[in-house]
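Hi,

Here is the structure I promised to send over. Have a look at it first, and then read on for my notes.

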Amino acid sequence: MFSWCNGLSLTDKATHPTNRQEDWEYIIGFCDQINKELEGPQIAVTLLVHKIHSPQEWEALQALTVLEACMKNCGRRFHNEVGKYRFLNELIKVVSPKVGRLQVGFVR
């Protein structure tokens, strides 16, 4: 079973706001953990959504980097989880001025 503690620890280390750059050791470790466990993709998506919604911009951007790495390294089970409405709706909340925390201004 996917260890919430291990997955959480890896995402915390991969997206820590004090990181000066992406920490690929933890990012790839997170991908490896997803691939090893039956429930890995479902739990990973939950963890990533939480990080993507972080009020700390650098942490959220790092979470998007982790998401990209997972898309490249985790295969069909992860892709299927990311393609679900539940996850896509969470991404919409980040960028939509109506439902998200960011207010997007348009330049004329």
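Of the contacts in the chain (heavy atoms within 4.5 Å) with a separation of 6 or more, 64% are between residues 24 or more positions apart. Please bear in mind that this is a predicted model, where local features need pLDDT of at least 70, side-chain atom pairs count only at pLDDT 80 or more, and totals for chains, interfaces and linings use all residues. Residues are numbered from 1 along each chain as its sequence is written, and side-chain values use heavy atoms, with hydrogens and water left out.

The chain has six helices and zero strands (DSSP runs, numbered from the N terminus: H or I of at least four residues for helices, E of at least two for strands). Buried residues (under 20% relative accessible area, 1.4 Å probe, protein chains only) make up 39% of the 108 residues.

Helix 3 covers residues 40-52, and 10 of its 13 residues are buried, so the rest of the structure largely encloses it. Leu47, Leu48 and Val49 are among the buried ones. Phe78 touches several residues of the chain, including Pro41, Ala44, Val45 and Leu48, not counting residues up to four places away in sequence.

Best wishes

Note on methods:
Expected span 1.5 Å × (residues − 1). Buried < 20%, exposed > 50% of the residue type's maximum accessible area, 1.4 Å probe, protein only.
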